[in-house]
Structure formats: C-alpha cells, structure tokens
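Open the structure in your viewer and keep the selection tool at hand. The tour makes a few stops, each with something to select.

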Amino acid sequence: MSERRKWHERLKVTLWTLIVPPTVWAGHFLFAYLWAAISCAKNGAFAKFPVLFTLGTLLALGVIALSGWVAWKQQRTIGDPPPHDEGTEVDRLRFLAKSTLLLAGLSFMAVLFTALPVVFIGDCR
Amino acid sequence: MRKSTVVCALLLAGCNRHQSALAPFGLEARSTLTMTMVLVIGALVIALGVAAVYVLAVRAPEGRLDHAGGMRMVLWLGAIVPSVVLTALLVWALPAMRPLPETAQNLRIHVEGEQFWWRVRYQPQGQPPLISANEVRIPVGRTVVFELTATDVIHSFWIPGLAGKMDMIPGRTNRLVVKADKAGTYRGVCAEFCGLSHALMAFDVIAMEPASFDAWLAVSREPPIRTQGRGAALFAASGCNACHSLIGGESIGPDLTRFGERITVGAGILAPTVENTAAFIRDPHRSKPGARMPSYSAMPEADALAIARWLKEAGR
C-alpha cells in the first residue's frame with residue numbers, strides 16, 4: 001500500500017498534466033501550419049518530407065504517448081469503496097487520469113491527422 | 001404514398017447531365033464522385049450496423065450483457081475502429097486533393113469574373129491569345145490550367161462536372177488545373193454570392209476532341225466576315241462598340257466577336273435567339289437585374305432586331 005502511494009506521488013496527474021496532450025497538439029498544429037506557410041512564402045515550394053517536420057511530429061507523438069501512458073497507469077489506482085458521498089483524493093486522481101488518457105488518445109489522432117496532409121499533398125497551391 | 005411520389009419527382013427534377021457533380025466529365029469530379037459514393041454507402045452500412053446492435057441490445061435476455069462487455073464495445077466500436085477507418089479514408093482521399101501536374105506547355109485559360117459575366121482569354125503556348133466571353137472551350141484529354149481572378153467583387157468559378165470550385169478574388173490569381181475526359185456541352189456557374197444577378201451568372205463549357213479544338217482555335221483567330229448593313233450602322237450609331245469589342249480586343253463589356261457561335265445569350269441564361277438578343281439589348285435588367293449595361297428602351301424593336309441579327313450572323 002505504501003509503495004503504491006509512493007508511485008502516485010512521483011507521477012501524480014494534476015490539472016496541469018491534463019492539458020499536456022492538447023497543448024502538444026496545439027503546438028504541433030501551429031508549427032506545421034506556420035512552417036508550411038513560411039516555406040511556401042520564402043522558398044516558393046514545399047520541402048519534400050523534411051527531417052525537421054518528421055522529428056517534430058515524432059516528438060509530439062512521443063510526448064502525448066508518454067503522458068497517456070502515465071495517465072493509464074494512474075487511472076488503474078483502486079478507487080474508494082462506496083458510498084461515494086463526497087469527493088476524495090483518489091476519486092480526483094482517477095478522474096484526472098482517465099480524462100488525461102482520453103485527451104491523449106484524441107490528441108494522438110489529431111497530430112497524426114495534421115501530419116498526414118503534409119506527407120500526401122506537399123503542394124503550396 | 002402520393003406525397004412521397006411528389007417529393008421523389010421534385011428531387012429527380014434536379015437531375016441533369018450538363019451541370020451536376022454526379023455527371024462528371026473530368027478527372028477531379030470523377031474521383032470526387034467515387035469518394036462520395038464510398039462515403040454515402042459506408043455511412044449507410046455503419047448506420048444500419050448501429051441500428052442492428054441497438055435492436056440486439058434492447059432484445060437481449062436479462063443477464064446476457066455485462067458492463068465490461070459494453071465498455072469493450074465502446075472502446076473498439078467507439079474509438080479504435082472509427083480512428084482506423086478515418087485514417088484510412090484520409091490516406092485514400094489526400095492524394096486526390098493534390099493538384100494535377102502541369103507543365104509550361106499546357107493551355108492556359110485566363111478567366112475574370114465580373115458582375116455578372118465572364119471575361120475569357122485563351123493563352124496557348126507560343127501563340128497569340130484569343131479573347132472571348134461567357135463560354136469556355138477545353139480540349140478533352142489535355143491538361144488545362146485556369147487562371148482565375150476578378151475585377152469587382154469575389155466570384156467563384158465552378159464547373160460541377162469537371163472539378164471543384166475555385167474563388168476568383170480581385171488582385172489575386174488562383175489556379176485550377178483540370179483535365180476533361182468526355183466531350184460534350186456542359187455548364188458552369190458562379191458559386192460565391194456576388195450581387196443581384198449572382199444566380200444568373202453562368203457560362204457554357206464545351207469539351208471538344210483535341211483535333212476539333214485546335215481547328216476551332218485556329219479558325220477563331222481569324223476575324224469573322226461581317227456584312228456592312230443596317231445592323232452594323234446601328235451598332236456603331238448606338239455606341240455599342242464603346243463597350244463591346246468585335247475584333248477580339250480588350251473591352252469593357254463582354255467580347256462579341258464570335259457571338260453567333262455562342263449557345264446562350266446573357267452569360268448562360270437565355271436561348272441564343274435573335275428575339276432574346278434584341279430583348280436583352282432593349283432591357284438587359286429584365287433578364288439580368290443589376291447588370292452594368294444600360295437599357296436601350298428608346299431603341300425601336302426593329303432596330304434591336306437588326307443589331308441582333310447582324311451580331312448573330314458573324315462567327316457561324
């Protein structure tokens with residue numbers, strides 16, 4: 001019991017870690033669009049399958065997957081027994097962990113959907 | 001039953017072969033139609049599947065369904081399968097969004113949207129340009145690049161059977177690369193509200209076999225032979241030539257060089273008869289509210305008919 005308590009103390013999900021996956025998605029989105037716009041405006045052409053873009057996308061997917069994994073670990077924390085008359089620390093943790101996990105899934109797909117057009121279209125028009 | 005027959009009849013009345021994304025004559029519209037069909041049928045299958053699962057769940061005997069099974073189904077059918085299906089659709093559809101490849105040798109057609117007509121300039125490689133209006137001819141099987149712009153407000157160039165629409169924005173040139181694959185006579189429209197006669201701003205699209213297109217382009221470059229009769233005198237005396245060119249030059253209003261060849265009058269709205277042309281000259285705002293052309297209501301009908309007859313004899 002004391003060992004498990006230690007485990008969430010180290011990797012405790014909070015409201016701040018909850019917004020990590022959507023923030024990474026937003027950052028990747030902005031990066032992809034700005035990079036395409038600047039590349040088209042300055043070079044007049046799309047760089048074909050650029051290394052920077054691939055690395056950025058992999059990094060974003062990695063961070064999202066990591067925060068999803070942490071959330072998955074923590075949402076398996078055993079909940080308090082009924083009656084659920086008031087919110088407890090464990091309830092809060094389980095709720096935040098589950099929400100983070102779902103957001104991580106959504107953000108992962110969103111980053112993938114943002115990256116695919118770059119790979120398949122590669123045209124400034 | 002009677003009501004549904006009426007509704008079906010009304011829906012069927014929208015069917016046609018000359019202005020419909022469901023009757024494609026170009027590569028882009030054809031791939032869009034295929035995708036539309038796959039999506040519609042796929043959505044139908046999914047909707048029926050969901051309805052079937054729902055019926056099964058409601059009819060299941062007590063104790064047959066459990067919470068864990070339900071959550072598993074939500075995970076698979078609610079998250080994993082949709083993600084995979086949507087990713088697959090995206091990967092399949094994205095290459096179709098890529099513009100067709102083009103080279104400097106491709107025919108360029110410059111089209112300018114104006115309230116409420118289309119200024120057209122063919123720019124074949126290595127040949128002088130050809131000016132026309134309210135009609136676009138393209139060769140089948142060859143890549144054609146439309147260079148689209150506008151002079152007054154934003155218009156949108158849309159030939160539903162050929163490709164998607166493209167905005168025409170003043171001060172900017174948008175490019176639309178197309179390839180027709182079936183000869184025929186079709187229709188395009190303005191797809192961005194642009195004023196009173198927006199819905200009356202259309203044009204004819206004629207997809208021709210390459211050989212006949214080349215022949216047409218060569219013939220059209222020669223100025224048409226015109227008689228110097230009463231129509232010609234009235235055309236000049238009424239000041240029509242202040243706005244309308246008869247020799248394919250730059251002009252304020254639509255070019256009328258090969259007016260007799262056109263298959264509609266007034267940018268795709270009237271049948272090409274002498275009577276319609278004369279009526280348009282005397283009162284353009286009746287069939288085209290808001291058009292820039294002034295009315296010639298004081299002109300006797302006989303004079304308008306003479307001008308119309310004279311205009312129509314050229315370019316035949």
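Start where the two chains touch: eleven residues of chain B and ten residues of chain A form the contact (C-beta atoms, placed from the backbone, within 7 Å). Select helix α3 (residues 67-97) of chain B, which supplies eight residues, the largest share of the side of chain B that touches chain A. Seven nonpolar, two polar and two charged residues make up that side of chain B.

This is a predicted model: local features need pLDDT of at least 70, side-chain atom pairs count only at pLDDT 80 or more, and totals for chains, interfaces and linings use all residues. Residues are numbered from 1 along each chain as its sequence is written, while chains are lettered from A and ligands numbered from 1 in the order in which they are written.

Next, select helix α5 (residues 230-237) and helix α8 (residues 301-313) of chain B, whose axes lie 8 Å apart at an angle of about 110°. α5(B) is therefore roughly perpendicular to α8(B) (65 to 115 degrees). Show the side chains at this contact, including B:Leu234 and B:Phe235 from α5(B) and B:Ile307 and B:Trp310 from α8(B).

Last, select strand β2 (residues 117-123) of chain B with β3(B); the two run antiparallel and are joined by four bridges. B:Val120 is opposite B:Ser132 of β3(B). Between the strands of this hairpin are six residues, and B:Gly126 has a positive phi near 75°. Now look at strand β3 (residues 130-133) of chain B: B:Leu130 and B:Ser132 on one side are buried, as are B:Ile131 and B:Ala133 on the other (20 or more other C-beta atoms within 10 Å of the residue's own).

Notes: Nonpolar A, V, L, I, M, F, W, Y, C, P; charged D, E, K, R; others polar. Axes fitted to C-alpha atoms, helices over the stretch in contact; angles between N-to-C directions. Parallel < 35°, antiparallel > 145°, perpendicular 65-115°, else oblique. Buried ≥ 20, exposed ≤ 12 C-beta atoms within 10 Å, placed from the backbone. Pairing = 2+ DSSP bridges.
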